[in-house]
Amino acid sequence: MSYETNFVISGIAGLFVGIGLFSLIGIGSCILLALSVYNDALYRRVENPTMWAVLSGFFNIVALVYIIIQATKKAAPLRCMQCGDFLHPNSRFCQRCGRPLMIPSPDELNNYDRRRKLFLWLWIGSSVLSFIVLFVFIFIYVVRFIGAV
Ligand SMILES: [Zn+2]
């Protein structure tokens with residue numbers, strides 16, 4: 001193999017490594033976003049926290065929809081999921097049908113709050129990192145090829 005062929009092959013291989021790393025970090029950052037949404041949903045006592053988390057992981061735009069929904073529905077009072085009765089904010093059981101409300105303790109709330117913020121920052125960090133990796137590899141690739149011409 002000639003030097004030029006080697007050069008082109010190694011350049012293309014480098015680009016693929018870059019795209020691979022970008023994708024891997026991208027997948028990791030999607031998982032971090034899903035974890036942040038999951039803990040936020042637990043913190044806010046949103047129904048279906050797992051559904052929101054999984055959807056946000058696969059389609060990051062869902063996380064935006066989720067945030068908008070949460071920001072606009074603040075005024076709605078809590079209601080029992082079984083009988084629909086309005087609930088006192090601090091009660092642990094529905095006063096009408098007796099359903100346990102699975103209200104997190106203050107400690108658990110603190111944990112959810114900490115984790116949603118932690119995962120949010122990790123998500124931001126990994127997103128930035130994935131783009132830095134992509135640009136570094138594109139930069140190396142372009143410099144090599146411009147240098148070769
Ligand atoms: Zn009830």
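Leaving aside its neighbours within four places in sequence, which residues is Gly57 in contact with? Gly57 touches Cys30, Ile31, Leu33 and Ala34, where contact means that two C-beta atoms, placed from the backbone, lie within 7 Å.

First, a word on what you are looking at. This is a predicted model, in which local features need pLDDT of at least 70, side-chain atom pairs count only at pLDDT 80 or more, and totals for chains, interfaces and linings use all residues. Residues are numbered from 1 along each chain as its sequence is written.

Gly57 lies in helix H2; helices here are DSSP runs of H or I with at least four residues, strands are runs of E with at least two, and both are numbered from the N terminus. With 21 other C-beta atoms within 10 Å, Gly57 is buried. The cut-offs behind that word are 20 or more other C-beta atoms within 10 Å of the residue's own for buried, 12 or fewer for exposed, and anything in between for partly exposed, with C-beta atoms placed from the backbone. Gly57 and Leu35 are 22 residues apart along the chain, and their C-alpha atoms are separated by 8.3 Å.

Now widen the view to the whole of H2, which spans residues 49-58 and has Trp52, Ala53, Ser56 and Gly57 as its buried residues. Seen down the helix axis, these buried residues fall within an arc of 130°, so they line one face of H2; the arc is taken over the directions from the helix axis to the C-beta atoms. Thr50 and Phe58, on the other side of H2, are exposed. The cover over the buried residues includes helix H1 (3-44) and helix H3 (60-72).

How do H1 and H2 meet? Their axes come within 8 Å and cross at roughly 155°, with axes being lines fitted to C-alpha atoms, for helices over the stretch in contact, and angles running from 0 to 180 degrees between N-to-C directions. H1 and H2 are therefore roughly antiparallel to each other. For angles, under 35 degrees counts as roughly parallel, over 145 as roughly antiparallel, 65 to 115 as roughly perpendicular, and the rest as oblique. The crossing of H1 and H2 is right-handed, a label used if the near helix is turned clockwise from the far one by less than a right angle, with anticlockwise giving left-handed. On the H1 side the residues that meet H2 are Cys30, Ile31, Leu33, Ala34, Val37, Tyr38, Ala41 and Leu42, and their H2 partners are Pro49, Thr50, Trp52, Ala53, Val54, Ser56 and Gly57.

Between these two helices, have a look at Arg45 in the loop that joins H1 and H2. Its phi is near 55°, a positive value in a residue other than glycine. Arg45 is partly exposed, with 14 other C-beta atoms within 10 Å.

Next comes H3. The axes of H2 and H3 come within 4 Å and cross at roughly 135°, which makes H2 oblique to H3. Here Trp52, Leu55 and Ser56 of H2 meet Asn60, Val62, Ala63 and Tyr66 of H3. H3 also packs on H1, at an angle of about 20° and with the axes 10 Å apart, and H1 and H3 are therefore roughly parallel to each other. H1 passes H3 in a left-handed crossing. In this pairing, Cys30, Leu33, Val37 and Arg44 of H1 meet Asn60, Ala63, Tyr66 and Gln70 of H3.

In soluble globular proteins, nonpolar side chains tend to be buried together. In this model, the largest nonpolar core has 15 residues, of which Leu33, Ala34, Val37, Tyr38, Ala41 and Ala53 touch the most other members. Such a core is a set of buried Ala, Val, Leu, Ile, Met, Phe, Trp, Tyr and Cys residues joined through C-beta atoms within 7 Å. H1, H2 and helix H4 (106-148) each supply at least two residues of this core, and H1 gives the most, with nine. Not counting residues up to four places away in sequence, Ala53 touches Ala34, Val37, Tyr38 and Ala41.

Finally, follow H4 itself. Ile140 is found in this helix, and its C-alpha atom is separated by 8.5 Å from that of Leu15, 125 residues apart along the chain. Phe145 is also in H4; Phe145 and Phe7 are 138 residues apart in sequence and 8.9 Å apart, C-alpha to C-alpha. Ile140 counts as partly exposed, with 14 C-beta neighbours inside 10 Å, and Phe145 counts as partly exposed with 14 C-beta neighbours inside 10 Å.
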